[in-house]
Amino acid sequence: MKSFIAKAAAAVIVLFARAVTAVRAIWPEEGLPSRPCVYFANHSSHGDFVLVWAVLPPRLRHQARPVAGAEYWLKSPLNRFIGSDVFNAVLIERERDKRTEDPIAQMASAIDAGSSLILFPEGTRNQSEAPLLPFKSGIFHLVTARPDIDLVPVWINNLNRVMPKGEIVPIPLICTVTFGSALQFGPGETKDAFLERMRSALLALSPKPAGSGE
Amino acid sequence: MSAASSDLLTLVAGIFGVLILASAIGYVLQQRLSPTGSNASIENLNARIKAWWIMVVLIGIAFVAGRIGVLILFGFCSFAALREFVTLINTRRADHWALAAAFFVVVPLQYYLLWAEQYGIFSIFIPVYAFLLMPIISVLRGDTERFLIRIAEVQWALMICVFCASHVPALLTLNIPGYEGRNVLLIAFLVIVVQLSDVLQYVWGKLFGRTKIAPKLSPSKTVEGFVGGVISATLIGAALWWITPFTPVQAGLLAFVITLMGFFGGLVMSAIKRDRGIKDWGNLIEGHGGLIDRLDSVVFSAPIFFHIVRYWWSL
């Protein structure tokens, strides 16, 4: 019964997201990897993973699990229902000293179980004027644990304008979700070089600002 | 069967005939010139024809559903067009409530006023009330950065996508003696003439186009396409006089005004796209681009057509 309600809720949330944002996916030429992978995206809104989830083809969607902060998604029964039951999120504890579980181990075991992850390496929602914050090192520790995993950069455009932090009414604006070609961890790559390479691969997918002319 | 529905039926049969012919031509062209899908213009042509089928069926369903169907259809068109427009303009956090009001208050209210047949308030609601109230909502948050540009762009979006577009269904509210119960055919006349003019300009341009008419704005538009499209669409408009309250000459003259406004509307909307560095307004309609790409000429001609008919024909 609960799983039926969760499925119905997922369908309603996705329908609502599509009705408001008319979201459109842009795929890389070679398509997405069919084996489990890590989608890493820019983060500016609570709705980010919903959009990525909504545009993924059904087969890939069912194996995709967003990685989200446990503090927020366990805050209330409704948050808990949406986070764990509807979207089957991998809930990690962000505050290091209060942790009871190792987030990297949680993510790695989800991958081992055949799931893909939707990850936001900025670690928090970007409220600044900068297009992308520096990456946290979690994604690096994940690839050192699972070096063969495919990493797919995903740029979510415009959702921060649809629903900025603190607003309750979404503004209907057209959003796009651009998937880049899959990347892999290079042998012997240092943490800084790897994070910088991932960050620039993601930035390369962002569109030029509107009104900037030709 | 009433005269209106039998005329509508004849019209629908005619449109289906044209679409079947277009699909057949598209199919032959594809077999001959692009069997593997390698010719982009032919693939685009066929995508456009397919989209036309869908648009014709949707409009047909709205017509069958009557006044409420037409209002809902154009209400949704306004909503989707406004969404395409606002996506491209300069807005800031401070405009959040003003934009929410534009989508969730102004759009439904404008169409409700048509439903309630309150012409007086319908015709000034956006140019007066929205014009004054939207900047007030925006200013309350105290953000002055690019303020004039922001409020001007939102008002322009509302005028084009909601106010002007709502003048298509507004044709239903006109009271024309001897034409009772047939107003939906006026909408058909307007939409058919404008859209055929666009299509014919494209076809004439592809066949005989040599001289660019506005190279800076729209490199695909040619003098030959413009002249051929306007003349042929005007003649088709005259030939459609039997669905209107007009004589053939009047129908031709009105069609001429409609096609001219449509052409210049297309130019204006192209200039905005150039300014924003985009090719299409969106991706809603396969092969055509966004909804505004298809609606731009209708939006510019609808209010003029409405007011000419209202002044000379309506009570």
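**A walk through chains A and B**

Let's start in chain A, where helix α2 (residues 48–55) lies across β1, β2, β3 (64–69), β5 (116–119), β6 and β7 (176–179), running at about 110 degrees to β6(A). Here, helices (H or I, at least four residues) and strands (E, at least two) are DSSP runs, numbered from the N terminus. Axes are lines fitted to C-alpha atoms, for helices over the stretch in contact, with angles from 0 to 180 degrees between N-to-C directions; contact puts two C-beta atoms, placed from the backbone, within 7 Å.

This is a predicted model, in which local features need pLDDT of at least 70 and side-chain atom pairs count only at pLDDT 80 or more, while totals for chains, interfaces and linings use all residues. Residues are numbered from 1 along each chain as its sequence is written, and chains are lettered from A and ligands numbered from 1 in the order in which they are written.

Now for the sheet. In chain A, 7 strands form an open sheet with mixed pairing, in the order β1-β7-β6-β2-β5-β3-β4; two strands pair if DSSP finds at least two bridges between them. At the edges are β1 (24–26) and β4 (90–92) of chain A, each pairing on one side only.

Look next at β2(A) (residues 37–41), which runs parallel to β6(A) (residues 150–157) and is joined to it by 5 bridges. Within β6(A), Val152(A) is the bridge partner of Tyr39(A), and Leu151(A) stands opposite Val38(A). Another 3 bridges join β2(A) to β5(A), again running parallel, and there Tyr39(A) stands opposite Ile118(A). Because 5 of the 5 residues of β2(A) are buried, this strand is largely enclosed by the rest of the structure. Buried means that 20 or more other C-beta atoms lie within 10 Å of the residue's own, against 12 or fewer for exposed, with partly exposed in between. Cys37(A), Tyr39(A) and Ala41(A) point one way from β2(A), whereas Val38(A) and Phe40(A) point the other way.

Over in chain B, follow helix α5 (residues 119–139). Its buried residues are Phe122(B), Phe125(B), Ile126(B), Ala130(B), Met134(B) and Ser138(B), and they pack against α4 and α6 (147–164) of chain B.

Finally, bring the chains together: their contact takes 17 residues from chain B and 16 residues from chain A. On the side of chain B that touches chain A, the elements giving two or more residues are α3 (67–87) and α4 (96–115) of chain B.
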